[in-house]
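Could you walk me through this structure while I have it open in my viewer? I am new to it and would like to know what to select at each stop.

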Amino acid sequence: MPEAKFHIKRYDPARGEKDASRYDDFVVSYDSSLTVLEGLFSIQEQQDGSLAFRYCCRASICGSCAMYINGKYRLACQTNLRHVHADVITVEPMPHLPLVKDLVCDMSDFFAKYEYVKPWLIRNSAAPEREILQSPEERKKLDMPIDCILCGACYSSCPSVWTEDNYLGPAALLKAYRFEVDSRDEASKVRMPSWDNERGDYRCHTITNCVEACPKELNPTEGIQWLKMAAVRRRLFGRSR
Ligand code: SF4
Ligand code: FES
């Protein structure tokens with residue numbers, strides 16, 4: 001039976017500042033294939049019940065198991081050990097985020113900034129009697145941003161986030177873009193002040209770490225550049241699309 005060695009970053013604030021961080025090693029036996037998330041479950045169930053990590057869907061949809069695995073942002077449930085191509089699986093929490101415990105990051109700021117851009121469809125017109133139709137071209141504009149699972153990898157990887165606490169970050173701005181290009185949304189003028197300001201689109205310096213980090217292969221930078229153009233169009237021509 002093959003074995004995998006997990007090298008896991010631990011963090012326990014209850015141990016005091018000096019001893020809070022360490023790395024622990026665990027060996028896990030498995031049959032034919034094993035995801036990193038399954039490996040963490042095995043360790044938690046059979047070797048160390050105090051190991052903390054986040055998960056929910058186990059199907060690459062909820063975004064809660066984003067971690068830094070062998071130096072790369074990955075979803076633990078989507079990462080088979082065979083994809084990592086290494087004898088040792090190093091598992092760390094997403095860097096540059098405050099920690100709660102072990103692999104669990106504090107995502108409070110991330111979600112507060114997400115909420116700030118009003119990430120929901122807003123209509124001013126009377127409620128329609130049936131669904132609001134979109135043309136295939138209109139729907140196509142949503143293909144990229146709608147796949148965001150809010151894992152936070154882009155946010156963790158962004159140097160503008162590291163250096164500017166207030167910056168909304170790639171995921172929130174990608175969501176603003178998602179509604180700006182949605183033909184059904186009617187809140188552009190209401191939503192725009194939330195992202196067209198000193199916390200928003202202009203803080204992006206097109207470093208594109210977010211593109212590299214995203215486990216869903218999305219392009220937040222592209223969305224943010226669209227927002228910058230939309231802000232200019234709005235000022236010059238009074239329309240963003
Ligand atoms: S854009 Fe990608 S990396 Fe950022 S939150 Fe969405 S899925 Fe995660
Ligand atoms: S557990 Fe939901 S994305 Fe991995």
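**A first stop in a loop**

Start by selecting lysine 118, which sits in the loop between helix 3 (108-116) and helix 4 (136-140). Keep in mind along the way that this is a predicted model. Lysine 118 is not a glycine, yet its phi is positive, at about 55°.

Now pick asparagine 70, in the loop between strand 3 and strand 4. Here too you will find a positive phi in a residue other than glycine, this time near 45°. Asparagine 70 has 17 C-beta neighbours inside 10 Å, so it counts as partly exposed.

An open sheet is formed by 5 strands in the order 2-1-5-3-4, with mixed pairing. Which strands stand at the edges? They are strand 2 (21-29) and strand 4; each has a single partner strand, so one side of each is left without a neighbour in the sheet. From one strand to the next, the twist averages 35°.

Zoom in on strand 3 (residues 66-69) and strand 5 (residues 88-92): they run antiparallel and are joined by 2 bridges. Select tyrosine 68 and look across to its bridge partner in strand 5, glutamate 92. Next, show helix 1 (residues 36-46), which packs on the sheet and touches strand 1 (3-11), strand 2, strand 3 and strand 5. The direction of helix 1 makes about 95° with that of strand 2.

**Two domains**

Zoom out and colour by domain: the assignment gives domain 1 (3-105) and domain 2 (108-237). Their centres, taken over C-alpha atoms, are separated by 30 Å. Domain 1 brings 12 residues to the contact and domain 2 brings 10 residues. On the domain 1 side, strand 4 (residues 72-75) gives the most, with 3 residues. By class, that side of domain 1 has 8 nonpolar, 3 polar and 1 charged residues.

**The last helix on the tour**

Finish with helix 10 (residues 220-237), whose 18 residues reach 25 Å from first C-alpha to last, close to the expected 26 Å. Highlight its buried residues, among them Ile224, Trp226 and Leu227. The buried residues of helix 10 pack against helix 5 (153-157), helix 7 (170-180), helix 8 (188-195) and helix 9 (209-213). Just after helix 10, select glycine 238, where phi is positive at about 75°.

Notes: Residues are numbered from 1 along each chain as its sequence is written. Chains are lettered from A and ligands numbered from 1 in the order in which they are written. This is a predicted model: local features need pLDDT of at least 70, side-chain atom pairs count only at pLDDT 80 or more; totals for chains, interfaces and linings use all residues. Helices (H or I, at least four residues) and strands (E, at least two) are DSSP runs, numbered from the N terminus. The expected span of a helix is 1.5 Å times one less than its number of residues. A residue is buried if 20 or more other C-beta atoms lie within 10 Å of its own, exposed if 12 or fewer, and partly exposed in between; C-beta atoms are placed from the backbone. Two residues are in contact if their C-beta atoms, placed from the backbone, lie within 7 Å. Domain bounds come from an automatic or database domain assignment. Ala, Val, Leu, Ile, Met, Phe, Trp, Tyr, Cys and Pro count as nonpolar, Asp, Glu, Lys and Arg as charged, and the others, Gly among them, as polar. Two strands pair if DSSP finds at least two bridges between them. Axes are lines fitted to C-alpha atoms, for helices over the stretch in contact, and angles run from 0 to 180 degrees between N-to-C directions.
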